[in-house]
Amino acid sequence: MEVAGWAAMNESGKAEPFIFKRRENGVDDVTIKVQYCGMCHTDLHFMKNDWGITMYPVVPGHEVTGVVTEVGANVSGFKVGDRVGVGCIVEACLDCDLCHRSEENYCDKLVLTYNGILSDGSVTYGGYSETLVVHSKFVARIPDSLPLDAAAPLLCAGITVFSPMKQHGMLQSGGSLGVVGLGGLGHIAVKFGKAFGLRVTVISTSPAKEKEARESLKADDFIVSTDQKQMQAKTRSLDYIIDTVPAKHSLGPLLDLLKVKGVLALVAAPDQPIELPSFPLIFGRRTVSGSISGSMKETQEMLDLCGEHNITCDIELVSTDGINEALARLARNDVRYRFVIDIGGDSN
Ligand code: NAP
Ligand code: ZN
């Protein structure tokens, strides 16, 4: 089928209208009319070819919500009219140990929602487009209580911070969490931390974000990461850190904030290697871990929890005409806290 979308054609990273082909709905597939798509910093990395792996034209977007318009004969979990979401992944082998253990996000046949190559040889195009066709395994249900616009960023930003939080035991109350970088991923990590009963400290390069972080996101503490005095005063104060900073930085000063045996969960993907000095690691018996997105099982668990506790993202809705301006603002760290494109046109 022919689909209208928005693509970056080259490293200028500028999005422009682009018509392309998707497969027809297969027996295992769900076709989705896209209503909303969040704008992740990963979209910017790919559009600008930060990692040197972009296949142009690239249609970004992996925080998709919409409504099912067609289901294949083998699909039992979804029907026409269902409110659904798609995140970062659209294919895995579904047959290896990792896939069997619901860790398909680590399958070595993993295919990303855009800039990936499917097993049929075709290139994946993401959610900056009017229609998606996806294997039903990679479709999640959006709880009725969540609006499709403010839920969209949960499909990437939400699951990407939820997965390490679950892995490292942050779903129990009582611990202390530091969130580095108050952007799309960071703001939802703060919300999750508060919902799970953690004491949350924001570690930010932007002093201007402090008031809002404390008042509207309910952060307990706020440290300006460039202020050495503030950083030193909080030495050995945190059990966990989630690092979302998309630019080159050193983990040393962050590790010093962790208690002995504390865990730093890295989810950011800067184009330059990050510095990992050994002393703060070995003198504190600390752990640095990394993770990519989450499994579909975890994604559904996270969405259902958000439905129960009414957790949504703080978004700025933009029309399809506003994509490039939003990208420019995202690049200069001027967003509170996620742009979501109104693809369905409800607010245009
Ligand atoms: P974002 O909305 O742009 O937020 C990043 C935050 O980092 C900014 O708000 C800013 O917060 C801070 N920051 C510090 N130095 C910065 C700099 N030089 N440039 C920009 N921001 C800076 O980004 P995001 O969408 O949350 O994504 C964050 C990173 O995670 C990206 O690298 C993205 O590719 C990656 N990611 C990984 C996964 C995964 O599966 N592992 C999934 C999604 C995204 P302050 O103003 O508070 O300092
Ligand atoms: Zn993302």
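How many nonpolar, polar and charged residues does the shell around ligand 1 have? By class, the shell has twelve nonpolar, 14 polar and two charged residues. Here Ala, Val, Leu, Ile, Met, Phe, Trp, Tyr, Cys and Pro count as nonpolar, Asp, Glu, Lys and Arg as charged, and the others, Gly among them, as polar.

Before I go on, the ground rules. This is a predicted model, where local features need pLDDT of at least 70 and side-chain atom pairs count only at pLDDT 80 or more, while totals for chains, interfaces and linings use all residues. Residues are numbered from 1 along each chain as its sequence is written, chains are lettered from A and ligands numbered from 1 in the order in which they are written, and side-chain values use heavy atoms, with hydrogens and water left out.

Back to ligand 1. It is surrounded by 28 residues, and the closest are S204, T205, S206, K209 and R338; a residue is near a molecule if one of its heavy atoms lies within 4 Å of it. Helix 1 gives the largest share of that shell, three residues. Domain 1 (2-155 + 314-342) and domain 2 (158-290) both contribute residues, so ligand 1 lies between them. The domain bounds come from an automatic or database domain assignment.

Now the polar contacts, meaning pairs of N or O atoms within 3.5 Å; within protein, one must be able to donate a hydrogen and the other to accept it, and residues adjacent in sequence count only if both atoms are side-chain atoms. A polar side-chain atom of R338 is 2.7 Å from an oxygen atom of ligand 1. A backbone N or O atom of G184 lies 2.8 Å from an oxygen atom of the ligand, and a polar backbone atom of V267 is 2.9 Å from a nitrogen atom of ligand 1. Taken alone, ligand 1 exposes 910 Å², and the protein buries 89% of that; these areas come from the Shrake-Rupley method with a 1.4 Å probe, and for residues only the protein chains shown count as cover.

Helices (H or I, at least four residues) and strands (E, at least two) are DSSP runs, numbered from the N terminus. S204 is buried, at 3% relative accessible area; buried means under 20%, exposed over 50%, partly exposed in between, with a 1.4 Å probe and protein chains only. Its side chain reaches the backbone nitrogen of S206 at 2.9 Å.

C40 sits in the loop between strand 3 (29-38) and helix 1 (41-47), and H62 in the loop between helix 1 and strand 4 (64-71), so the pair ties together parts that are 22 residues apart in sequence. C40 is buried at 2% relative accessible area, and H62 is buried at 7%.

Last, the backbone. The peptide bond from Y56 to P57 is cis, with omega near -5°, and P57 is in the loop between helix 1 and strand 4. Another cis bond joins R336 and Y337, with omega about -15°.
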